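Dear colleague,

Please find below the structure that I am handing over to you. A short account of the findings follows it.

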Amino acid sequence: MSLEHTSDSAPFLSDDSESEAPDETRVEPNGDGESPSGVSPRRAVLTVLILCYINLLNYMDRFTVAGVLSDIEHYFDIDDSKSGLLQTVFICSYMFLAPVFGYLGDRYNRKYIMSGGIFFWSLVTLLSSYTPKERFWLLLLTRGLVGVGEASYSTIAPTIIADLYVKGQRTNMLSIFYFAIPVGSGLGYIVGSQVSQAAQNWHWALRVTPGLGLLAVLLLLFVVQEPKRGAIEARSEEQLHQTSWTKDLQALRKNRSFILSTFGFTSVAFVTGSLALWAPTFLLRAAIFAGEKEPCDSQQCSSQESLIFGVITCVTGVLGVASGVQLSRALRTRTEKADPLVCATGLLLSAPFLYLAIVTAELSTVATYVFIFFGEAFLSMNWAIVADILLYVVVPTRRATAEALQIVISHLLGDAGSPYLIGVVSDALRREQSFLWQFRSLQLSLLLCSFVAVIGGGFFLATALFIETDRKRAENYDPSVNEQMAKEQNRR
């Protein structure tokens, strides 16, 4: 029985797959202006912009909590380790469900999966804003459930862009998509802190993104069109033959560029996860320690640090992503190893600036913000490039699974545990409950970020050794040849 294309009207749980493109597809649009993906150029641009908007909301929601963390600590009367759990429980549910949505995303209509997940995420975020003071565990539970919704989107969205564009155009569109990560993160700090300050109640900070999320669902359902998987790359129907999930995992396990770049990205996740949750709180404690601010004894603490850090995150994110992509593009004319080399350079340069930002916090607030600016800018050079590496070293029918596996590994070893780890180390190093040790213990624990960044740079340097071979293998992938080789090896 042949498999037919899944259109926008295809049932969600159908065995029909849009992943199989017709034979003799061509990358150029046809006479009607429609590309082989089945999506017109204008609709493709709209799709990327909508996905970018949702990605921005995704990260805005994720870091709203960090923007009001000091308020939450005072409201629930919790220590650093419990504060770190807010990010950890979210990331844990997010990463464990990513493979489920990766499996579904490789086989069923992706926009319906994303729509359901975003609606669920928006609803749970709204409910979390009504958590009573004596029910901190309920806030943890709802933050964990938010990860369920976000996993449905982050795993799938890049694969849609990959099925709309190729080569340079794909890199450009991924850059636009990944601009939303630092910008959304920065807006999370800014909107969270400012809404909380204006309402004199941190709960209102969590009530901004749910309404915007419902708008995103409507845009997905009525504007976004599901593209055909792999058709834009002019691959034959045989090349897009769906294999079992077990075979997909076995193939990805042998893909050295994918594995090494994933570990490199894990280091990025560790550092960004730690800074995302703890940087505004650390900066506030540094200002109190230096005598620039009075201690925060009320439930409504100063929002200036979150505002400034949010602005820095937005600006450095745009600069970092753009410079990373442009530098990679310039170097590609000289070497095919450009992408992992740029990623390695970004991480290795960020490490000393982050170290200086942490150790000079008590001496100069201005110097600290300057070092954070450069550290975050170099760190942001990785976002779009890492995504592009995955898409060109993995065949189309395994990309959602590869995205899911990368999410699991990078979050499991990265930002799932790093905020909690930083909090635990901070509590362990604190000798007494004084403003001095509240600052000093968190300062010492955050130094871990610089060392992890150096390790990540090493993984990307290792990726450069295999990137050319793995890319050519993915471009020339023929399942019939692979299956024949496997049979011959089994006979031996």
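Predicted model: local features only at pLDDT ≥ 70, side-chain atom pairs only at ≥ 80, totals over all residues.

Residues are numbered from 1 along each chain as its sequence is written, and side-chain values use heavy atoms, with hydrogens and water left out.

Surface. Val45, Leu46, Leu49 and Ile176 form a nonpolar surface patch of about 300 Å². Such a patch joins nonpolar side chains (Val, Leu, Ile, Met, Phe, Trp, Tyr) within 5 Å, and like charges within 9 Å, from residues with over 30% relative accessible area and no salt bridge. A salt bridge requires a side-chain nitrogen of Lys or Arg within 4 Å of a carboxyl oxygen of Asp or Glu. Areas come from the Shrake-Rupley method with a 1.4 Å probe, and for residues only the protein chains shown count as cover. Helix 1 (residues 41–67) supplies the largest share of the patch, 3 residues; helices are DSSP runs (H or I, at least four residues) numbered from the N terminus. Leu49 lies in helix 1 and, at 47% relative accessibility, counts as partly exposed. The classes are buried (under 20% relative accessible area), exposed (over 50%) and partly exposed (in between), with a 1.4 Å probe and protein chains only.

Leu319, in helix 11 (residues 304–331), is also partly exposed, at 45%.

Aromatic rings. There are 14 aromatic pairs, a pair being rings of Phe, Tyr and Trp (its six-membered ring) with centres within 6.5 Å; planes under 30 degrees apart are stacked, over 60 edge-to-face and the rest tilted. Tyr75 and Phe76 are edge-to-face, because their ring centres lie 4.8 Å apart and their planes meet at 85°. Tyr75 is buried at 14%, and Phe76 is buried at 9%. Elsewhere, ring pairs connect Phe353, Phe371, Phe373, Phe374 and Phe378 into a cluster.

Charges over rings (NZ of Lys or CZ of Arg within 6 Å of the ring centre and within 35 degrees of the ring normal) also occur. Arg62 sits over Tyr59, 4.3 Å from the ring centre, and Arg471 over Tyr392, at 3.9 Å.

Loop residue. Gln200 is not a glycine, yet has a positive phi of about 55°. Gln200 lies in the loop between helix 7 (167–199) and helix 8 (209–222) and is exposed, at 51% relative accessibility.

Yours sincerely

Notes. Helix = DSSP H or I, 4+ residues; strand = E, 2+ residues; numbered from the N terminus.
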